[in-house]
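Have the structure open while you read.

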Amino acid sequence: MDIAQKYFKTIKDVPIEDYFAPGHRLCAGCGPSLAMKLTMKAIRMPTLVVNATGCVEVSTSLFPYVSWRLPWIHVAFENTGAVASGISEAFRILEKKGRGKMHDVIAIAGDGGTFDIGLQALSGALERNHKMLYICYDNEAYMNTGIQRSGATPTGAATTTSPAGKVIPGKQERKKDLIGIVGAHRIPYAATASISHPLDFINKVRKALEIDGASFIHVLTPCTLGWRYSPSQTIKIARLAVETRYFPIIEVEEGRVRINIKVNKPRPLEEFLEAQGRFRHLFQSENKHILEMLKQQVEENWNRLLKLEEIGLYA
Amino acid sequence: MSELKQIRRMALTGDEAVAYAAKQADVDVIAAYPITPQTIIVERLSRYVADGELNAAFIQAESEHSAISICLGAALAGARTFTSTASQGLALMHEILHIASSMRAPIVMAIANRALNSPLNIHCDHSDVMNARDTGWIHLFANNVQEAYDLTLMAFKIAENPEILLPVSVNLDGFILTHSVEPLEVLSDEEVQQYIPHIPYPYRIDFDRPLAYGVMALPDTYMEFRRQFYEVIMKAPPVFRKASESFSKISGRVYDMVTPYFVEDAEIIVIALGSTVETLRYVARKLRGRNVKIGVAGLTMYRPFPEKEIANILANAKCVAVMDRAYSYGGVGGPLYTDVLSTLYKNGIRTMTADFVYGLGGRDFKLTDAEELFNKLVRSVEIGAFDQDIYWWGVRE
């Protein structure tokens, strides 16, 4: 781990307070729920959460109960970046006019709400560089509506709208390079994280909150139902994603890439894939070419990041 | 002897007048996206901010959908928010219009009324706002530039009234009002600040009293939320009257939800929205000189619909003509027509009624058109019936 400034050196430095209350309705073994809990450990002052429609939103706000021990707002699916922009600018101008105070704003959306339907609002918010942190919890499909493919679904994965069919075996297209898209906005701070590496994640959340401008964190959050594995395996699978180089843990500051977790001896990608039902069909001989394609993508991406880090530029 | 009030006159276009009103309202957050014929409003406002004449966050969003979303977030954070749009922009906002009203965000929005695609057309009709009719917003219509200015100020007073806390749209006819220069009387900044002081939004995002906004409600509670909303928007008429009363005290100008013109003894009454109301009034006055018993009812507030006021005005009319600058395709007529028909039926008024669909995509409705229309109405009354229920007035066939 190589985060420049460590706010939480060990797990003992993590505050005991839980702003994400227990009793929510997310699944046993839910990756996103852990991302929420960890995010709330890193806040530095009273903070507002703007939540896109999705698993986390519907499972934490069922009237008359709410799982957030701080102000929380949900408006719609695709506009989280915009709503957070408005609130952040309102706080800023009201402070300037002596009628309010600046506060931290965290926007939280899933991969559907970020990679796909919310990409435009996110891009607008990043370009305008409002003081806000946007966290995308990525479980690689539309899980809330029952596992449909998204722009974040990896090549080969089976979902209910990209099933492992006899003719078309799972999703044929690539996963979008979200951190690349975000990095291209040249915002002050962007990073990837995994719930398997909680200290890395919460340090990044805190670091992002300290920035006076737009920041972004892409956190990988396995989904027990969608990825089809036992709820006891969530952390293990998240860790395998990192250790196989499937999900590189990086920071992009003002466009400059740094790989935080150097995976010098990667585990075979098969270990990550075999653990999940959504990739099962890739191990049939007729689908071997897709498995190879995915392995090639992972290798290329890693080598590209190494180069970018070496050059010191984000291309 | 009463003190003579100094009258401030300016010559402004409708867009400029709306921007000037928003500036005087000392708005905190403006978020918008350029679209003709509204663009001048945000150009002016960004200039006021850039020159330091207005202390506000001016955010040019990357779409109207985001513009209204920014306003919604800002309003709930306690900021006075303003946006403006037209046509496709309003259509793109549609999803969030419902949410903004349901979340009780007192946003003020100017709509420079313009036709919807396709074919593409940048000129005036009311298709845009009629598509937003049922979004739970209060919709006001200006007849001229003075009204566009006045109603923008009144919109803040109405929207922010703690009794309702609802978003308000101020509609001004694209180009006809947005780009026409008219002389108008404006208030001083002090008068405006006294009329609409900044009052804290009662449910603002508050870290000492954290609230959850926009929660999920299932079949056991959803309907009660909607019923509450139904009750809230029906409180808008008294709130409008109150806002109008206090406005008249400083401006001397009086606004009613429906403005009657020569209706007391009128046999024929024409109902309309927007700048056409003035055209109709002008011709009605002329025809009154020839003893034609004709009157005009202009709606300043279209939603909530002033049903009782309309029923009272129409109670003794022999003939009612409804002017629709939009249409409900596949429906029983234009949107205003169906509202008026329902009002007549519910209030037991039986009179000959027809819909006049006119002015779509900026097709001119000139004084001569109004006169021709009145002549048609007079002839129909003589015959005792209309030969159609829906006329496409001015269409080339």
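In this predicted model, helix H11 (residues 307-314) of chain B and helix H12 (residues 335-346) of chain B have axes that come within 10 Å and cross at roughly 75°. That makes H11(B) roughly perpendicular to H12(B), a label for angles of 65 to 115 degrees. Axes here are lines fitted to C-alpha atoms over the stretch in contact, with angles running from 0 to 180 degrees between N-to-C directions. Helices (H or I, at least four residues) and strands (E, at least two) are DSSP runs, numbered from the N terminus.

On the H11(B) side, Glu307(B), Ile310(B), Ala311(B) and Leu314(B) meet Val340(B), Thr343(B) and Leu344(B) of H12(B).

Now for the chains: 38 residues of chain B touch 39 residues of chain A, contact meaning C-beta atoms, placed from the backbone, within 7 Å. H3(B) gives the most to chain B's side, with nine residues. These elements of chain B each supply at least two residues to that side:

| Element of chain B | Residues |
|---|---|
| Strand E2 | 29-32 |
| Strand E3 | 57-60 |
| Helix H3 | 64-76 |
| Helix H4 | 87-102 |
| Strand E9 | 212-213 |

Strand E2 (residues 72-74) of chain A and E9(B) pair in the parallel sense over two bridges; pairing takes at least two DSSP bridges. Trp72(A) stands opposite Ala212(B) there.

Residues are numbered from 1 along each chain as its sequence is written, and chains are lettered from A and ligands numbered from 1 in the order written. As the model is predicted, local features need pLDDT of at least 70 and side-chain atom pairs count only at pLDDT 80 or more, while totals for chains, interfaces and linings use all residues.

Definitions and conventions. Parallel < 35°, antiparallel > 145°, perpendicular 65-115°, else oblique. Contact = placed C-beta atoms within 7 Å.
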